[in-house]
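Have the model open as you read along.

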Amino acid sequence: MQFHHYGYVSGDPRVQPAAGVGIDRAEELPDEVDVLIVGSGPAGMVAAAQLAQFPGIVTRIVERRPGRLEIGQADGIQARSVETFQAFGFAERIIAEAYRITEMAFWKPDPENPRNIHRAAVTPDDPSGISEFPHLIVNQARVLDYFAEYAHNSPGRITPDYGWEFDGLDIAQPSADGTVPEYPVTVTLERVTGVGVGAGDASHAAPLEGARTGERRTLRAKYVVGADGARSRVRESIGASHVGAQSFHAWGVMDTLAVTDFPDIRTKCSIQSEAGNILLIPREGGHLFRMYVDLGEVPEDDHGAVRRTTLDEIIAKANDILHPYTLDVRNVPWHSVYEVGHRVTDRFDDVPLDEQGSRTPRVFITGDACHTHSAKAGQGMNVSMQDGWNIGWKLGHVLDGRADPALLETYHAERHVVAKDLIEFDREWSKLMATKPEDLGDPTELEEFYMRTFEFPAGFMTQYEASMIVGGAGHQGLATGFPIGKRFKSAPVERVCDGNPVQLGHHHRADGRWRIYAFADAAAPAAHGTALADWANWLREASDSPLVAFTPDGADIDSVFDVKVVFQQPHAAVDLGRVPTTFLPKNGPFGLTDYEKVYAIDPQHDIFELRGIDRSGAVVVVRPDQYVANVLPLGAVDELAGFFRGVVLPR
């Protein structure tokens, strides 16, 4: 963590100085906002947390609840999400309180006595070490608390406005001459509780003086983000269609404190028996666990009757499935009954499919508002957070003047494909989870599917196609371990200034900046005469360099692009005095040198070997949301300049 560059910090360095609209943020909702986020679930809170790093943008987030979420329905945190937590500065803290999944046990009918279950297999949760971060289980409410804290401590000082329900919106049509109002979206809200933002607390609410239930407010916005759940009224207001169907199979789910003789109660388990199936997920805290209990097929004319299944019936069913083991339930803080449904919305913004590209989208939907599925693959919250981050940084760049509004069209293009893939994966996983053991074509089919597809639920199969922010694969061979369009996979390196071993990707924070990683050619550091030195000098001095062309006057040189270098030598062989000054920028009011942009290999884990980086050097461009945007040779300065000309606006 870096601080002190704007002066001595004696308090919590995670609390950034308020700036822009965050300095005098009014408690009452203003009449006009740049971005209105509807819903403070995972997608909404991530978008708000990202936009809080753009203090010149007026962002408000409204939530119909009277205060913070206390008991969340989602709890599975995939490794890609923990990487995201690192970017927002709280990965270590949430890991400390979470349950960590390292393996999964598969229980099946005992061949010698099929009425009983037995442990048939145990598989590692991450067989290939795809991420340095673990797979976690933690209450969704705590995830939201951390994002709320980050948004509250960021320069924009964003906190949710609780007690407001979205009622509807209208989008102004262009006038005869094609002009559009500055605030084209008119939103109507209704106060449903007399509670609002808590004084000085990012996650708790306090009563608002004079707040009246039933009060209606109309405000105008440049953009609206609908993060208001599966029954999204924002989705309805833009006429988007939620397409899909139910599978007519019901599950009872309960968070449970119990005494049991089942030996794997603290291990993630798939339990298949003659009486049905259970997915068992241990929860944080050492005692709590969640059970998804198979309630069987549901008739098409059921009309929701299965949802009236009582808690006692769910517990009895769980005991029947666990035979010969028993479950003595002592406390159930939350339970529910649901039928599996798989739906994806036809579009993720307000522009009809036949009009895409003809106008700028103004309303976006995220998370459950645009994709719903079963909870058993642990994907809902995880995919929703990536939705929120994707639209958050793009809105930040457009409203901050860094990018053309055409950037916003990439949100639907990128995230709709991810949602469709998610639905297909979850449909297959849910089907296998609900199948009786004797009906499987192969008795090991479930665990083999789990092992074969682990990369998808972990969040690492997403690969965005070529676009204005994803380059072509012409130079992919220079860095095969950084596939273009996929997330930047971190690796160990050594920081040259102090010899500390660090993860290269952990310095990539959610601050809205592009990252440019220069991997040096084999020559030792030099100010002139090497491919790296020539590239660094061009980047610092040429008129078409992204740093020169797009950094605002008077701003720190790394305010838009964070440029780093990795040398092929160990840190002791790299002389900082010979490193090009491009990688040692001077920032802040005191012009202090930033030494944390120069790295060397970790001799035991050479990043050039780990990530297939050509020894002649390479440039890897990474988007603000950690996805690789381009791979280029060090000499391809025209291509690098051309790529950013299509992405970033001159300041």
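## Cavities and domains

In this predicted model, the largest cavity is lined by Arg 80, Glu 83, Gln 86, Glu 132, Phe 133, Phe 488, Ser 490, Gly 505, His 506, His 508 and Gln 626. Sorted by type, that lining comes out as two nonpolar, six polar and three charged residues. As for volume, the largest cavity holds about 100 Å³. The structure has three cavities of 30 Å³ or more.

| Domain | Residue ranges |
|---|---|
| domain 1 | residues 20-72 + 140-243 + 343-453 |
| domain 2 | residues 99-137 + 246-339 |
| domain 3 | residues 476-646 |

How far apart do the C-alpha centres of domain 1 and domain 2 lie? The distance between these centres is 30 Å. The two domains do touch: 17 residues of domain 1 are in contact with 25 residues of domain 2. Between domain 1 and domain 2, about 1,800 Å² of area is buried, and carbon and sulfur atoms give 61% of that.

And what about specific pairings? Across the interface of domain 1 and domain 2, zero salt bridges turn up.

Definitions and conventions. Residues numbered from 1 in each chain as written. Predicted model: local features only at pLDDT ≥ 70, side-chain atom pairs only at ≥ 80, totals over all residues. Heavy atoms only, no water. 1 Å grid on protein atoms, 1.4 Å probe; cavity = no way out; pocket = protein on both sides within 12 Å on 5 of 7 lines; lining within 4 Å. Points joined across faces, edges and corners; volume = space filled by probe spheres on them. Nonpolar A, V, L, I, M, F, W, Y, C, P; charged D, E, K, R; others polar. Domains from an automatic or database assignment. Contact = heavy atoms within 4.5 Å. Buried area = accessible area lost by both parts, 1.4 Å probe. Salt bridge = Lys/Arg side-chain N within 4 Å of Asp/Glu carboxyl O.
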